[in-house]
Amino acid sequence: MADIDRRFGFRHLRGAPTVHIRHYRRGKLAHDGVGLSFWYRPLTAVVSEVPVDDRELPLLFHARTADFQDVTVQLALTFRIEDPALAAQRIDFSIDPDTGRWRSDPLAQISGLLTENVQQYAVEVLTRTPLATALVDGVRAVRDRIRAGLAEEDTRLAQTGSAVIDVRVVAIRAEPEVEKALQTTAREKVQQEADRATFERRALAVERERAISENELQNQIELARREEQLLTQRGANARRQAEEAAAANRIETEAQASRKERLTQVEADGKRALGEAEAAGEAARLAAYRDLPEGVLTGLALKELAGNLPQIDSLVLTPDLLTPLLTKLGVRS
């Protein structure tokens with residue numbers, strides 16, 4: 001809405017940086033541009049106000065997919081009028097010279113044109129797309145089709161001097177009942193995947209526990225085998241020590257026996273030599289006594305007896321000993 005002041009039958013219009021003003025006076029273009037400010041007579045002036053700023057157009061409409069399911073498409077368009085002169089010629093942007101209000105609703109005409117074209121392109125895509133695909137990949141497909149159609153195929157929009165700056169598809173949604181059913185199916189699939197992941201995790205845990213148990217069992221078997229080897233080695237070492245000790249004892253016993261044998265032999269040789277010496281001495285003595293007369297021998301015996309009397313405690317004289325002696329004494333007398 002233009003800013004218009006009244007002074008003495010004249011009108012003063014003050015424009016804005018986002019509004020393009022076209023002022024015709026008596027059928028001739030007097031002012032044309034953005035941000036203009038001028039005086040004019042309302043009876044002889046025709047003024048058009050064309051906005052050149054970016055405009056947002058939110059849209060919400062229904063469509064049907066290839067499998068005959070209703071969906072709701074929510075999107076937003078950003079457009080602007082790039083050629084104000086052409087737009088003012090094709091669409092009525094004239095304002096009341098007294099109030100500054102549009103005589104009609106030109107932006108509604110542009111919005112209606114955009115809405116029809118956008119719905120046409122979106123329905124064209126969705127009618128060939130199943131519901132599941134539309135919910136997953138429909139946003140990008142619809143957006144790309146609308147952009148391509150408005151840029152390349154829609155000549156009416158270009159003829160109005162307008163252009164679409166951006167297309168944003170916010171969402172494509174199914175009916176609440178269908179969406180709930182799909183959510184239930186999706187939840188079941190997610191639950192199945194979660195259960196499968198849980199089972200796989202448990203199976204992996206069991207497999208790891210089994211591997212750990214087998215590893216522990218193998219370690220125990222290896223430990224038992226090494227203990228057996230250790231016991232065998234200890235037994236072999238003890239047996240070898242016993243054999244070595246027995247061999248050492250046997251050697252020591254044999255050495256002691258040999259030593260004793262040599263000592264015995266030496267002692268026997270010494271005794272034999274001593275006996276031989278004593279026998280030789282006795283034989284020599286007997287040989288010296290052998291040629292002596294019997295009386296001399298008797299005298300020597302008595303002398304020996306007399307020499308040992310102090311050492312004799314008792315003396316036993318039997319008849320067998322005295323009879324020969326007495327006989328010999330009687331013969332001599």
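Let's start with Glu222, which counts as partly exposed because its relative accessibility is 27%. Keep in mind that what you are looking at is a predicted model. Glu222 has a partner: its side chain meets that of Arg226 in a salt bridge, at 3.0 Å from N to O. Both sit in helix α5, and since they are 4 residues apart there, about one helical turn separates them. Arg226, at 53% relative accessibility, counts as exposed because the cut-off for that label is over 50%.

Which other residues in helix α5 are 4 residues apart? Glu200 and Arg196 are, so again about one helical turn lies between them in this helix, which covers residues 176-290. Their side chains form a salt bridge at 2.6 Å, N to O. Glu200 comes out as partly exposed at 44% relative accessibility, and Arg196 gets that label too, at 41%.

How many salt bridges does the structure hold? There are 18. Some of them share partners, and in this way Glu56, Arg147, Asp166 and Arg168 are joined into one network. Another salt bridge links the side chains of Asp70 and Arg64, at 3.3 Å from N to O. Asp70 is partly exposed, with 32% relative accessible area, and so is Arg64, with 44%.

Strand β7 spans residues 55-64 and strand β8 residues 70-81, and the two pair antiparallel over 10 bridges. You can find Arg55 standing opposite Phe79 of β8. The β7 and β8 hairpin has 5 residues between its strands, and in it Phe68 takes a positive phi near 60 degrees. On from there, β8 is joined to strand β9 (residues 162-174) by 11 bridges, again antiparallel. Here Ile81 has Ser162 in β9 as its bridge partner.

Now go back to the start of the chain. Strand β1 (residues 3-7) pairs with strand β2 (residues 10-14) in the antiparallel sense, over 5 bridges, and Asp3 faces Arg14 in β2. Arg14 also has a bridge partner in β5, namely Ser37.

Is Phe8 buried or exposed? It is exposed, because its relative accessibility is 82%. This residue lies in the loop between β1 and β2, a hairpin with 2 residues between the strands, and takes a positive phi near 50 degrees.

In one, the ring centres of Phe38 and Tyr40 are 6.0 Å apart and the planes are at 55 degrees, so the pair counts as tilted. Phe38 and Tyr40 are both buried. For Phe93 and Trp102, the centres are 6.2 Å apart and the planes are at 70 degrees, which makes the pair edge-to-face. Phe93 is buried, with 1% relative accessible area, whereas Trp102 is partly exposed at 28%.

Leaving aside residues up to four places away in sequence, Ser48 touches His20, Ile21, Arg22, Phe93 and Ser94.

Definitions and conventions. Residues are numbered from 1 along each chain as its sequence is written. This is a predicted model: local features need pLDDT of at least 70, side-chain atom pairs count only at pLDDT 80 or more; totals for chains, interfaces and linings use all residues. Side-chain values use heavy atoms; hydrogens and water are left out. Two strands pair if DSSP finds at least two bridges between them. Buried means under 20% relative accessible area, exposed over 50%, partly exposed in between (1.4 Å probe, protein chains only). Rings of Phe, Tyr and Trp (its six-membered ring) pair if their centres lie within 6.5 Å; planes under 30 degrees apart count as stacked, over 60 as edge-to-face and the rest as tilted. Contact means heavy atoms within 4.5 Å. A salt bridge is a side-chain nitrogen of Lys or Arg within 4 Å of a carboxyl oxygen of Asp or Glu.
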